[in-house]
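Here are my notes for you, written as numbered points. Keep the model open beside you as you read, and take the points in order.

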Amino acid sequence: MKNILIALLGVFLPISGLFAQGYAQDVDFDVHCLGVELDGSQTLRVSGYGKNKSDAKEQAKKNAVWAVVFCGIREGADGCNTVPLVTEVNARERYEDYFNAFFSDKGAYKDFVSNEDYKKGSKSYVKSKLGAKYTVTVRVLRPQLKTRLKADGIIK
């Protein structure tokens with residue numbers, strides 16, 4: 001009986017830890033809200049990793065759009081939308097072909113994210129043996145992105 005209890009604890013404790021951490025923020029990059037514009041767009045400070053500065057910068061832009069679509073923005077200033085645009089369970093898998101094309105290097109995600117903000121202190125670049133990390137401030141056009149996902153049948 002004691003062995004069964006230990007086995008059950010060994011199974012349920014790690015699972016309960018997963019629920020405590022939460023599933024919604026399943027990203028491995030930093031995204032912070034700096035504010036929301038009157039047009040509904042969100043100004044975000046986001047990091048990206050790549051083999052060089054250019055690659056890391058583009059990855060940061062993808063990460064910003066990805067966070068708005070799938071994660072919602074939970075860090076930073078009040079007023080940012082914490083609810084992701086796509087809330088359907090397993091939407092990434094269900095619409096895999098759509099999102100692979102959308103987030104490809106020449107994908108449509110570029111239409112919904114601004115170029116980086118060039119104000120002093122708005123970007124940082126760190127190079128290491130493993131590649132580059134680039135942190136940038138960008139604006140994600142959330143209302144237009146929502147309209148596009150509705151028109152494409154991804155959200156209702």
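1. Let us start with valine 69, which sits in helix 2 (helices, H or I with at least four residues, and strands, E with at least two, are DSSP runs numbered from the N terminus). Valine 69 is buried, with a relative accessible area of 0%; buried means under 20% relative accessible area, exposed over 50%, and partly exposed in between, with a 1.4 Å probe and protein chains only. Keep in mind that this is a predicted model, in which local features need pLDDT of at least 70 and side-chain atom pairs count only at pLDDT 80 or more, while totals for chains, interfaces and linings use all residues. Residues are numbered from 1 along each chain as its sequence is written, and side-chain values use heavy atoms, with hydrogens and water left out.

2. Which residues does valine 69 touch, not counting residues up to four places away in sequence? They are Pro84, Leu85, Val86, Phe99, Leu145 and Leu149, where contact means heavy atoms within 4.5 Å. Valine 69 and proline 84 are 15 residues apart in sequence, yet their C-alpha atoms are 5.2 Å apart in space.

3. Follow one of those partners, valine 86. Leaving aside neighbours within four places in sequence, valine 86 is in contact with Val69, Phe70, Ala91, Phe99, Leu149, Ile154 and Ile155. Val86 also belongs to the largest nonpolar core, which has 37 residues; there, Val86, Phe99, Phe102, Leu145 and Leu149 touch the most other members. At least two residues of this core come from each of strand 1 (31-36), strand 2 (42-50), helix 2 (53-71), helix 4 (96-102), strand 4 (131-140) and helix 5 (142-151). Helix 2 gives the largest share, 9 residues. A nonpolar core here is a set of buried Ala, Val, Leu, Ile, Met, Phe, Trp, Tyr and Cys residues joined through side-chain atoms within 4.5 Å.

4. Now look along helix 2 itself. Its 19 residues reach 25 Å from the first C-alpha to the last, close to the 27 Å expected at 1.5 Å a residue (the expected span is 1.5 Å times one less than the number of residues). Its buried residues include Ala56, Lys61, Asn63, Val65 and Phe70. The partners they pack against are strand 1, strand 2, helix 3 (91-94), helix 4, strand 4 and helix 5.

5. The two ends of helix 2 deserve a look as well. At its start, a side-chain oxygen of asparagine 52 comes to within 3.2 Å of the backbone nitrogen of serine 54. After the helix comes glycine 72, with a positive phi near 80°.

6. Beyond four places in sequence, asparagine 63 is in contact with Phe29, Val46, Ser47 and Gly48.

7. Helix 5 shows how a helix can face inwards on one side. Its buried residues are Arg142, Leu145 and Leu149. Seen down the helix axis, they fall within an arc of 60°, so they line one face of helix 5; the arc is that of the directions from the helix axis to the C-beta atoms. The face turned away from this buried side carries the exposed residues Thr147 and Ala151. The buried residues pack against strand 2, helix 2, helix 4 and strand 4.

8. Glycine 40 lies in the loop between strand 1 and strand 2. Not counting residues up to four places away in sequence, glycine 40 touches Arg142 and Pro143. The C-alpha atoms of glycine 40 and glutamine 144 are separated by 9.1 Å, although the two are 104 residues apart along the chain.

9. Finally, how far should you trust the picture? The mean pLDDT of the protein is 80, and 78% of its residues reach 70 or more; pLDDT is the predictor's confidence in each residue, from 0 to 100. Over residues 4-27, pLDDT stays under 50. Where pLDDT is low, the predicted coordinates should not be read in detail.

How values were computed
A polar contact is a pair of N or O atoms within 3.5 Å; within protein, one must be able to donate a hydrogen and the other to accept it, and residues adjacent in sequence count only if both atoms are side-chain atoms.
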